[in-house]
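Dear colleague,

Please find below the structure that I am handing over to you. My notes on it follow directly after.

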Amino acid sequence: MDPRIFCIGRNYAEHIRELGHPEDGDCVVFMKPASCLVAPDQPVVIPTDRGAVHHEAELVVRIGCEASHVDPDAATAAVDALALGLDLTLRDEQNRLRKDGKPWELAKAFDHAAPLGPFTPWNGEVPLNAITFTCRVNGELRQQGDTRQMIFSVPRIISILSRTWRLRPGDLIYTGTPAGVAALQPGDIVELDSSVLQSARWAIHGYDAPQKLG
Ligand code: ZN
């Protein structure tokens, strides 16, 4: 079964401010299809004719067991692995859709919109609320994340999701991005690093040639 990909929006205050949104306390949840996933070191092919594609570097949590209506206190038991990933976003398109009150799928759920790094098994030794990570593009530091700064902690996110969905093994949660999001160009190299998680790296390619059917 394909994994379900849950994504949390607006989970770091500085990123909310850089996009000009109010900090209204809602937990923003959206989903991406499994066709968004790109394995580490595989080419990431992005749209080139629909405005800026922003990188959003995020901690990704993999669920290891069924979980329904779990309290935050018990939620970490559902985590079995962590990774670093990118929530790629067609920002101009997202802003247009948001202004019109339309759903975000066209901006967030396109093919290759969720590159996913290698998993590091999680056994409770690394505190989920003290993980730092970086995003570099062509060697230049773009984003620095620290899960201490999350508005909704990983246990709270799992608890909230588990009230709407019975979480199941393999489900993925992209937990939101810190400040520093910016546009990617074909030819860019994106690198995600953390002292406690496996690194990930992708080369960005542009999608332009029309594809044939079949
Ligand atoms: Zn995101």
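In these notes a residue is called buried under 20% relative accessible area, exposed over 50% and partly exposed in between, with a 1.4 Å probe and protein chains only. The model is predicted, so local features need pLDDT of at least 70 and side-chain atom pairs count only at pLDDT 80 or more, while totals for chains, interfaces and linings use all residues. Residues are numbered from 1 along each chain as its sequence is written, and side-chain values use heavy atoms, with hydrogens and water left out.

Overall fold

The protein chain has five helices and 15 strands; these are DSSP runs numbered from the N terminus, helices being H or I with at least four residues and strands E with at least two. For 214 residues, a compact globule would have a radius of gyration near 17 Å, and the 16 Å of the protein chain agrees with this. That radius is taken over C-alpha atoms, and the globule rule is 2.2 Å times the number of residues to the power 0.38. Along the principal axes, the C-alpha atoms fill a box of roughly 50 × 40 × 35 Å.

Of the 214 residues, 46% count as buried. The protein chain exposes about 10,100 Å², of which carbon and sulfur atoms supply 50%; accessible areas come from the Shrake-Rupley method with a 1.4 Å probe, and for residues only the protein chains shown count as cover. Among contacts (heavy atoms within 4.5 Å) between residues at least 6 apart in sequence, 77% join residues at least 24 apart.

The zinc site

Glu56 (OE), Glu58 (OE) and Asp87 (OD) coordinate the zinc ion at 2.0 to 2.1 Å. Donors here are N, O and S atoms within 2.8 Å of the metal (3.2 Å for Na, K and Ca); water is not among the atoms, so sites may look incomplete. Along the chain, the donors follow the spacing E-x1-E-x28-D. Glu58 lies in strand S6 (residues 57–63) and Asp87 in the loop between strand S7 (79–86) and strand S8 (89–90), so this pair ties together parts that are 29 residues apart in sequence. Glu58 is buried at 0% relative accessibility, and Asp87 is buried at 0% as well.

Lys108 is placed in helix H4 (residues 105–108) and counts as buried, at 3% relative accessibility. Its side chain and that of Glu56 are joined by a polar contact of 3.4 Å. A polar contact is a pair of N or O atoms within 3.5 Å; within protein, one must be able to donate a hydrogen and the other to accept it, and residues adjacent in sequence count only if both atoms are side-chain atoms.

Helix H5

Seven of the nine residues of helix H5 (residues 154–162) are buried, which leaves the helix mostly covered. Among the buried residues are Val154, Ile157, Ile158 and Leu161. Their cover includes strand S1 (5–9), strand S2 (28–32), S6, helix H2 (72–75), S7 and strand S13 (172–174).

Cysteines

The structure holds zero disulfides, a disulfide being a pair of cysteine sulfur atoms within 2.5 Å. The sulfur of Cys7 is 7.8 Å from the closest cysteine sulfur, in Cys36, which is too far for a bond. For Cys65, the nearest cysteine sulfur is that of Cys27, 19 Å away. Cys7 is buried, with a relative accessible area of 0%, whereas Cys65 is partly exposed at 31%.

Loops and a helix residue

Two residues other than glycine have a positive phi: Asp41, at about 70°, and Asn138, near 55°. Asp41 is in the loop between strand S3 (37–38) and strand S4 (44–47) and is exposed, with a relative accessible area of 57%. Asn138 is in the loop between strand S11 (132–137) and strand S12 (140–146) and is partly exposed, at 48%.

Asp92, in helix H3 (residues 91–99), is partly exposed, with a relative accessible area of 37%. Beyond its neighbours within four places in sequence, Asp92 is in contact with Gly51 and Ala52, and its side chain reaches the backbone nitrogen of Ala52 at 2.9 Å. The C-alpha atoms of Asp92 and Arg50, 42 residues apart along the chain, are separated by 7.6 Å.

With kind regards
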